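Please look through the structure shown here before reading on.

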Amino acid sequence: MLLEGKNAVITGCLRGIGKAALEAYASNGANVWACCQIHDDEFEAYAKSLAEEAKVWIKPIYFDLSDTDQIKDSMKEIIKSKQKIDVLVNVAGMTYNVLFQMMTMEKMKEVFEIDFFSQMLVSQYLAKVMIRQKSGSIINIASIAGLDGNYGQLAYSAAKAALIGATKTLSLELAEHNIRVNAIAPGVIRTEMTAALPKDKFDILVSKSKLGRPGETKEVSDVLVFLGSELSSYMTGQVIRVDGGMK
């Protein structure tokens, strides 16, 4: 098990890549603070069952990424546990599809609040713990949109580009504390988010992949496990594309 004995904080665990990351981390021996936006009884039962099966502990934590007070309170709750924090995986986010001329500044600010500023606040709190313990791995879920741009996704692309820039800068600032910071840029992954796309637009995006198919959440979570494990101990400041070879 690649993560045996490690403790991880994962956001966005309720569905999609976040839920796949939770399952992959637990299955590889990691204890997890599983962060979700809203309380969900079905998720609570799932987390309990997964923890028992994997013989780890999973502690659901609930907060809204648009509420800085909730983020602060939740991070303080994690820190007060006095547990070592080995890995932070920033998954949670939102997308918004609209042409630039129809974009409102209010909506752009909302996307940045969720996809960038909240990630930085979570990272700022938990990096303090990692600095004290002189070790850690921070992994951000960016997007190929942040690297290549994407039609009709200016706010999302810009926020993910900001996250990529922050990843590279944080990797420089935190290296002296033995903290690695990397990002994954997924392509078209089969999630609830991509399921909301019109079929014709979804098919066009998939056709740009050399493999000719959408990716699965497990294919992203496998890379998340790699980046959280000692197998990637000499990697920092990297942005790994998991996109099936997008053109």
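Lys6 and Glu230 join their side chains in a salt bridge, at 3.0 Å from N to O. Lys6 lies in the segment before strand E1 (7–10) and Glu230 in the loop between helix H9 (217–228) and E7, so this pair ties together parts that are 224 residues apart in sequence. A salt bridge here is a side-chain nitrogen of Lys or Arg within 4 Å of a carboxyl oxygen of Asp or Glu. The model is predicted: local features need pLDDT of at least 70, side-chain atom pairs count only at pLDDT 80 or more, and totals for chains, interfaces and linings use all residues. Residues are numbered from 1 along each chain as its sequence is written, and side-chain values use heavy atoms, with hydrogens and water left out.

**Salt bridges**

- By this rule the count of salt bridges comes to 8.
- Side chains of opposite charge can pair when their charged atoms come close.
- Lys6 is buried, with a relative accessible area of 16%, whereas Glu230 is exposed at 54%. Buried means under 20% relative accessible area, exposed means over 50%, and partly exposed is in between (1.4 Å probe, protein chains only).
- Lys107 and Glu110 also meet in a salt bridge, with 3.0 Å from N to O. Both residues lie in helix H4 (residues 105–133), 3 residues apart, which is about one turn of the helix.
- Lys107 is partly exposed at 22% relative accessibility, and Glu110 is partly exposed with a relative accessible area of 36%.
- Arg190 and Glu216 form a salt bridge through their side chains (3.0 Å, N to O). Arg190 lies in the loop between E6 and helix H7 (192–195) and Glu216 in the loop between helix H8 (199–207) and H9, so the pair ties together parts that are 26 residues apart in sequence.
- Arg190 counts as partly exposed at 47% relative accessibility, and Glu216 is partly exposed with a relative accessible area of 31%.

- Helices (H or I, at least four residues) and strands (E, at least two) are DSSP runs, numbered from the N terminus.
- An open sheet has 7 strands in the order E3-E2-E1-E4-E5-E6-E7, with parallel pairing. Two strands pair if DSSP finds at least two bridges between them.
- Strand E3 (58–62) and strand E7 (239–242) are the edge strands, and each pairs on one side only.
- On average, neighbouring strands of this sheet are turned by 15° against each other, direction ignored. Axes are lines fitted to C-alpha atoms, for helices over the stretch in contact, and angles run from 0 to 180 degrees between N-to-C directions.
- Strand E2 (residues 31–36) pairs with E3 in the parallel sense over 5 bridges. Cys35 has Ile61, in E3, as its bridge partner.
- Helix H2 (residues 41–54) lies across E2 and E3 and runs at about 155° to E3.
- H6 packs on the sheet, where it touches strand E5 (136–141), strand E6 (179–186) and E7. The direction of H6 makes about 160° with that of E6.

**Residues with positive phi**

- Most residues other than glycine have a negative phi.
- Lys55 is not a glycine, yet its phi is positive, at about 60°. Lys55 is placed in the loop between H2 and E3 and is exposed, with a relative accessible area of 74%.
- Asn178 has a positive phi near 65° and is a residue other than glycine. Asn178 is found in the loop between H6 and E6.
- Leaving aside its neighbours within four places in sequence, Asn178 is in contact (heavy atoms within 4.5 Å) with Lys134, Ser135 and Gly136.
- Asn178 and Glu113 are 65 residues apart in sequence and 28 Å apart in space, C-alpha to C-alpha.

**A nonpolar surface patch**

- Leu99, Met102 and Tyr151 form a nonpolar patch on the surface, with about 400 Å² of accessible area together.
- Patches are made of residues with over 30% relative accessible area and no salt bridge; like charges are joined within 9 Å, and nonpolar side chains (Val, Leu, Ile, Met, Phe, Trp, Tyr) within 5 Å.
- Accessible areas come from the Shrake-Rupley method with a 1.4 Å probe, and for residues only the protein chains shown count as cover.
- Tyr151 sits in the loop between helix H5 (144–148) and helix H6 (154–174), and counts as exposed at 73% relative accessibility.
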